[in-house]
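Here is a short report for someone meeting this structure for the first time. Please look over the sequence and the model, then read on.

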Amino acid sequence: MDKPKINVAIVGCGGIGGRHCEAYRQINNVFLRAFIDPDLEKAKQFREKYGGDAAFASIEELPEHYVDIVNVTTPPMLHTEPVMSALQLGADVFCEKPITMNRDEAFMIYNKSVENNKTVGVGYKMRFEPIFQKAKEMIDQIGNLIGVSIVKIQPYKKRPAFDWVPSVGAMYELSVHDYDLVTFISGRKPTRVSAQLEYDAGWTREKRAFLHVMLEGDVTGQFMSVYSEDAHFFYRDLTLTFVGTKGYMRIERPDRIVMHTDQYTIVEVNPGDGINPFISELSSFIKGIHHDSIYPCADIRDAVLTTALVEAANISHKSGRWVDLDVNL
């Protein structure tokens, strides 16, 4: 028997919305039924390009039970309202990272998803990049984990399509991916943070973030996130190092892992390897909805944790003290 068609609404018809549409088109039984954007002309253009039945200017215009999944790809500060509206409509939700920029709102989304028995997937697509999959397989080789470091730097060039970045900041826009990867690879959740944040003229959020993080099991982390006008992007924006009792594993995105234990090994990883992370995470999300995935994408619990870390870092910077995350889901 053929599986029933899965109807999807896209909220936010920009660049990332288009990437999600292209990915959904590669997944069996998915139909892009509705497109939603405050600029109705953009929604209509998506409908013409990707097919579908309807274009709306607001999620409030979406009829109840019209779609099975609402996919949110608006700018980060505009995630909460469409996610909550979608849950109220009875849909499962996939939202680009971060789920929200407010700790209380993240918990509100979590509680609503539990109340309505709906799945909320979150776009931590880097989990599906081959190098991080491989690192997760290899981490036990370094023994008991002692420490973790993140070095993340990306260029920032002011462009109209990304004029919201200074109001989102380096942690939410750059490094929630990295924070999630630390827990994904090691299995250790952050528990406390002490932070120093740096701002530039015109930035309402941090341009550079330096976090001292304690993880479960008394593991110490040093997390650095930097935007730079003078940097260039060569897809080598992130280095993750895990230090254990038997040595260390250094991950150099996108294609190299250095293992230094009882021997020194360089593992080359094909960053393409036939994998499209957008397709992988959305396929995993759909399987997770139907409870037939042994490897689901990041969910609302993971997103609450990273949001709590960023907000605790903001409080720490302002107060000059360590801040506990206090997340028990």
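## Two helices in contact

Phe132, Gln133, Ala135 and Lys136 of helix H5 meet Leu181, Phe184 and Ile185 of helix H6. Contact here means heavy atoms within 4.5 Å. By class, this contact of H5 with H6 has five nonpolar, one polar and one charged residues. Ala, Val, Leu, Ile, Met, Phe, Trp, Tyr, Cys and Pro count as nonpolar, Asp, Glu, Lys and Arg as charged, and the others, Gly among them, as polar.

The model is predicted: local features need pLDDT of at least 70, side-chain atom pairs count only at pLDDT 80 or more, and totals for chains, interfaces and linings use all residues. Residues are numbered from 1 along each chain as its sequence is written, and side-chain values use heavy atoms, with hydrogens and water left out.

How do the two helices pack? H5 and H6 pack at an angle of about 40°, and their axes are 8 Å apart. Axes are lines fitted to C-alpha atoms, for helices over the stretch in contact, and angles run from 0 to 180 degrees between N-to-C directions. H5 is therefore oblique to H6. Angles under 35 degrees count as roughly parallel, over 145 as roughly antiparallel, 65 to 115 as roughly perpendicular and the rest as oblique.

H5 covers residues 130-138, and its buried residues are Pro130, Ile131, Phe132, Ala135 and Met138. Buried means under 20% relative accessible area, exposed over 50%, partly exposed in between (1.4 Å probe, protein chains only). The buried residues of H5 pack against H6 (169-186) and also against strands E11 (238-244), E12 (247-252), E13 (256-260) and E14 (264-268). Helices (H or I, at least four residues) and strands (E, at least two) are DSSP runs, numbered from the N terminus.

## Buried and exposed residues

| Residue | Relative accessibility | Class |
|---|---|---|
| Asn7 | 15% | buried |
| Cys21 | 0% | buried |
| Gln26 | 53% | exposed |
| Cys95 | 0% | buried |

Asn7 is found in strand E1 (residues 6-11). Leaving aside residues up to four places away in sequence, Asn7 touches Phe31, Arg33, Tyr66, Val67, Asp68 and Ile69. Gln26 sits in the loop between helix H1 (15-24) and strand E2 (30-36).

Cys95 is in no disulfide either; its nearest cysteine sulfur, that of Cys297, is 11 Å away.

Key: Disulfide = S-S within 2.5 Å.
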